[in-house]
Amino acid sequence: MTVVPGQHPHRPVESGTGPAEAELDIRSLFGQSTAVFASLAGPAHLVEAANPAFFTAIGGGDRVRTGVPLADLVPELAGHELMTLLDAAFRTGRTHTGRDARVLLGTPPAVREAFFDFTYEPRFDGGGNVTGVRVIGVETTQVKHAQRLTAEHRALLEQIARQAPLDQVLDGMVRVIEELAPYEILASVLLADSDGRHLRHGAAPSLPSFYNQAIDGIAAGEGVGSCGTAAHRRQMVIVDDIATDPFWDDFRELADRAGLAACWSTPILARDGSLLGTFAMYHRVPRTPQESDLALSRVFADTAALAVERHQAERARLAAEAKEAAARKDLAFLLRASTALSSDLDHTQTLRRLATACVPALAPLSAVDIVEAGRVRRVATAAPTRDEETLLASHIPLYDADDDAVARVLASGLSEVARRTPTGPGPWHDLGVTGYLCLPLLDRGRAFGTLTLLSTGEHVFDGHAVALAEELARRAALAVLNARQYTQRVALARDLQAGLLLPRVPELPGAEAAVHYHPAGEGLDIGGDFYDVFPLRDGGWAFMLGDVCGRGAIAATTTALVRHTARAVAPLLPGPEAVVHAVNQALLDRPQDHGTGFVTLVYGHLTPVDSGGLDIDLVRAGHTLPLLIDGAGPVRPVELDGALLGIAADPHLPTRRLRLAPSESLLLYTDGIIEARDKGRDQFGEERLAAALDAGIGTGHTARDVIAVLTEAVREFTLGTEVDDDQAALVLTATPTA
């Protein structure tokens, strides 16, 4: 094995391609133009003098001579256009130029294709006679070849961008390299398994099929040929003579049969450095690579990496889409079933809907059993036919039977699945049962019932079906418990709602406060709107109005958390912004089972002014804009930014200072007021609210006047329709100085 000059025979070539290496690769592929010069004399064009590049271009060796006619020095030029133009330049005394002149230099089998840009300049003596011709040229062979290679490379990249099949891209890449290489090569691509331990056939159209079959699946390991070693080392490995290199000990006979004498292998690496495969260039004769060969290997290894990564990404995308489609299907099933389960507050109807939802989506047969007064009662069944449903309904499991699956699941609270008929007596043979899945319906960890799914024929329960059934059973149990506890929840909601609202509005120095609260619907659930007014140590007062996302006990917990946190920290912190930040942190620190919903809030501190009126420092956190009312002009919103609470750790919550003159009011309200709807489902809206206040509030008004105008306007707009959301309002009016 050999490598580039100056390297140890068993030291691999680095295959990474960073920006500097990529630039070198491009320069190596395009080559550097070589200037050739020769001075020819007489009509025979004797070579009088020439630079080394000229002799190198024509083949070097025994051709490095002067005093010899050019046609004798380079016989293959006989009859070529280059000689015709050379004769013309000598005969006419005129300069001749040419571009991309193609010539085949050397003798078989060492013939090479070369391209030149050239100029023939006649040489004159003192009398103006032509004595010879000066040849000035540039060999552009590497440039020409690299340009052709680049065009093909661009076509490959376009294929990759169009997401052509990987095998087509790799096959095309290999054929391009083989066709455009200046000497015969046989290229091959091997692809790594997902674990990176073995290499599989990717593309090798010119290698014998027996050879491709033999190396398909070789290990990526030290000494396993050129490709296995390159894959193991993650570096280019060059074997310039297979007949003598130890890496090929196990494959030498195979290579000899295939007529292979040298192999240069470059690992194909992903952007994260993981192995994708190898790119190999085989040769019929022992050969040592030039820098352009190494550059070619690196460029096309990177191209193969791009194709493989794109292919893997596309496969991953399709797999993700299939998984997502399956998940959407499962979610749709659960949503439909959940909607059906929660559509009735009769728990028996809920269990019947559960049995129906399972057939045939999850199993051919289903049954639901619950425990009542120490006995098992079968409350629902579902089957393809009425006779099968009747037969299944006639079977009643025993609560304390050791050989009954329902009894065991009731006792353990754990699911049980088997690919056989259930143990214990039952109509299993008549129904053709071949397997079962029995799931508990749990109430705080204890089973109050079971859902039994039965297989028939070829149907089996896989892990996916079990997980889906368990989720459905969990939702069904919750729906049943919700139905059973409905009455208790109604009573609890009424009691909690009463405790979460301010029992009475306090008397404030220099101000009058008035509040309004109207629950949604019949008021049977705990609302999320709240307000509060409480004194501070410095003689000022704090006030707030907010809305918790959601309703019920969780909303009550969050409401209490906001109010109590604000009351606790307000005397200790310097201003409204600090208090609201503390409330936000308390929301973020909530246990998961205490809710995770956001909160909107308007919070402020008010201080009476000796000359009359109120100074108010205000913070708005995602809530509806407060309104300023003076009775003399139009209602004006208080423009103030502020983010929702309970979402981010450090929300933007600026403070704004206002001064209310005597008889001016500040109105805080929740979105239930402006989102109230009439029979046509139009919303009350901010414009109607402002118009009602402008029309109904005059100078010298009180806080109670504002509440009266607001509630009457909403009541008239929503007359005959049910309120969809809680409505709350707090008005602060500055009173004249005593």
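Q: Which residues of β19 point one way and which the other, and are they buried or exposed?
A: In this predicted model, W541, F543, L545 and D547 point one way from β19. A542, M544, G546 and V548 point the other way, and all are buried. In a regular strand, side chains alternate between the two faces of the sheet.

Q: What makes strand β19 largely enclosed by the rest of the structure?
A: Buried means under 20% relative accessible area. Eight of the eight residues of β19 (residues 541-548) are buried, so the strand is largely enclosed by the rest of the structure.

Q: How do you know that β18 and β19 pair, and in which sense?
A: Two strands pair if at least two bridges are found between them. Strand β18 (residues 529-535) and β19 have seven bridges, in the antiparallel sense. As one of the partners, Y531 is bridged to L545 in β19.

Q: What do β18 and β19 form, and how many residues lie between them?
A: The two strands form a hairpin, with five residues between them. In the turn, G539 has a positive phi of about 95°.

Q: How do you know that β19 pairs with β20, and in which sense?
A: The requirement is at least two bridges. β19 and strand β20 (residues 599-608) have eight bridges, and the sense is antiparallel. The bridge partner of F543 in β20 is G604.

Q: Why is T381 called buried?
A: The cut-off for buried is under 20% relative accessible area. T381 is at 12% relative accessibility, so it counts as buried. T381 is placed in strand β13 (residues 375-382).

Q: Which residues is T381 in contact with, leaving aside its neighbours within four places in sequence?
A: A contact requires heavy atoms within 4.5 Å. On that basis T381 is in contact with A355, S366, A367, E389, L392 and A393.

Q: How many helices and strands does the protein have?
A: Its secondary structure comes to 21 helices and 26 strands.

Q: Why is the protein called more spread out than a compact globule?
A: The globule rule gives 27 Å for 738 residues, whereas the radius of gyration is 44 Å, well over that value, so the protein is more spread out than a compact globule. The C-alpha trace spans about 125 × 90 × 50 Å along its principal axes.

Q: How many positive and negative side chains does the protein have, and where do the centres of the two sets lie?
A: There are 66 positive and 95 negative side chains, and the centres of the two sets lie 1 Å apart.

Definitions and conventions
Residues are numbered from 1 along each chain as its sequence is written. This is a predicted model: local features need pLDDT of at least 70, side-chain atom pairs count only at pLDDT 80 or more; totals for chains, interfaces and linings use all residues. Side-chain values use heavy atoms; hydrogens and water are left out. Helices (H or I, at least four residues) and strands (E, at least two) are DSSP runs, numbered from the N terminus. The radius of gyration is taken over C-alpha atoms; the globule rule is 2.2 Å times the number of residues to the power 0.38. Lys and Arg count as positive and Asp and Glu as negative; His and the chain ends are not counted. The place of a charge is taken as NZ of Lys, CZ of Arg, CG of Asp or CD of Glu. Buried means under 20% relative accessible area, exposed over 50%, partly exposed in between (1.4 Å probe, protein chains only).
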